[in-house]
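Q: I would like to learn how to read a structure feature by feature. Where do we begin?

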Amino acid sequence: HGVQLRVKLPTCFFKTLMGVACNLEDLRKTCPSMFARLKPINDGVIGDGQYFVVNNLELGSGGATRRVQRENCKEYVSAMVQYIAYFKVKKPVDAIKDGFFELLPRRLFNDFTVAEVQRLFYEKIPVGFLSQESVT
């Protein structure tokens, strides 16, 4: 259709694409309300009655009976970030990844960092980088 969309995908998308876990800082721009909720917990400010559960889903084995405490607060925040950044949107993200790597084989990106792949999306790609020989 010849319509070009100018969409700025979050760093978390590129991390997921490259198989790198997202972290709390990645939520600062993509989900500020959740970042604001999780930051104090990450810093050790824990409310009463908080467990390793989100939307009736256990964040790890025994999550429904595992209380969030100072000793495990960072683990809880990490599990929540993975839920928000990946598991909550697993089906569409996996479809995008599958389609992307069907067009451009994963092996082409093995030596790239997340930041380099992100730049490839927003900057002009060097001539010959995606030549027919490299894609097949």
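A: Begin with disulfides, pairs of cysteine sulfur atoms within 2.5 Å. By this rule the count here is 1 disulfide. The model is predicted: local features need pLDDT of at least 70, side-chain atom pairs count only at pLDDT 80 or more, and totals for chains, interfaces and linings use all residues. Residues are numbered from 1 along each chain as its sequence is written, and side-chain values use heavy atoms, with hydrogens and water left out.

Q: Which cysteines form the disulfide, and what does the pair tie together?

A: Cys12 pairs with Cys22, with the sulfur atoms 2.1 Å apart. Cys12 lies in helix H1 and Cys22 in the loop between H1 and helix H2 (27–30), so the bond ties together parts that are 10 residues apart in sequence. Helices here are DSSP runs (H or I, at least four residues), numbered from the N terminus.

Q: Are these two cysteines buried or exposed?

A: Look at relative accessible area: under 20% is buried, over 50% exposed, and in between partly exposed (1.4 Å probe, protein chains only). Cys12 is buried at 7%. Cys22 is buried too, at 6%. As for other cysteines, Cys73 is buried at 4%, whereas Cys31 is partly exposed at 23%.

Q: How many salt bridges are there?

A: A salt bridge is a side-chain nitrogen of Lys or Arg within 4 Å of a carboxyl oxygen of Asp or Glu. That rule gives 5 salt bridges. One of them joins Asp26 to Lys15, with the closest N and O atoms 2.9 Å apart. Asp26 sits in the loop between H1 and H2 and Lys15 in helix H1, so this pair ties together parts that are 11 residues apart in sequence. Asp26 is buried, with a relative accessible area of 13%. Lys15 is also buried, at 13%.

Q: What makes up the largest nonpolar core?

A: A nonpolar core is a set of buried Ala, Val, Leu, Ile, Met, Phe, Trp, Tyr and Cys residues joined through side-chain atoms within 4.5 Å. The largest one has 20 residues. Leu27, Leu38, Tyr76 and Met80 have the most contacts inside it. Helix H3 (32–42) and helix H4 (73–85) each supply at least two residues of this core. H4 gives the largest share, 8 residues. Another core, of 12 residues, lies apart from it; Phe14, Leu17, Phe101 and Val117 are among its members.

Q: What is Tyr76 in contact with?

A: Contact means heavy atoms within 4.5 Å. Leaving aside neighbours within four places in sequence, Tyr76 touches Arg37, Leu38, Ile41, Gln50, Tyr51, Phe52, Leu59 and Val68.

Q: How do I read the burial pattern of a helix such as H6?

A: An α-helix has 3.6 residues a turn, so residues three or four places apart point the same way. In H6 (residues 114–122), the buried residues are Val114, Val117, Gln118 and Leu120. Seen down the axis of H6, they fall within an arc of 155°, so they line one face of the helix. The arc is that of the directions from the helix axis to the C-beta atoms.

Q: What covers the buried residues of H6?

A: The cover includes helix H1 (11–17).
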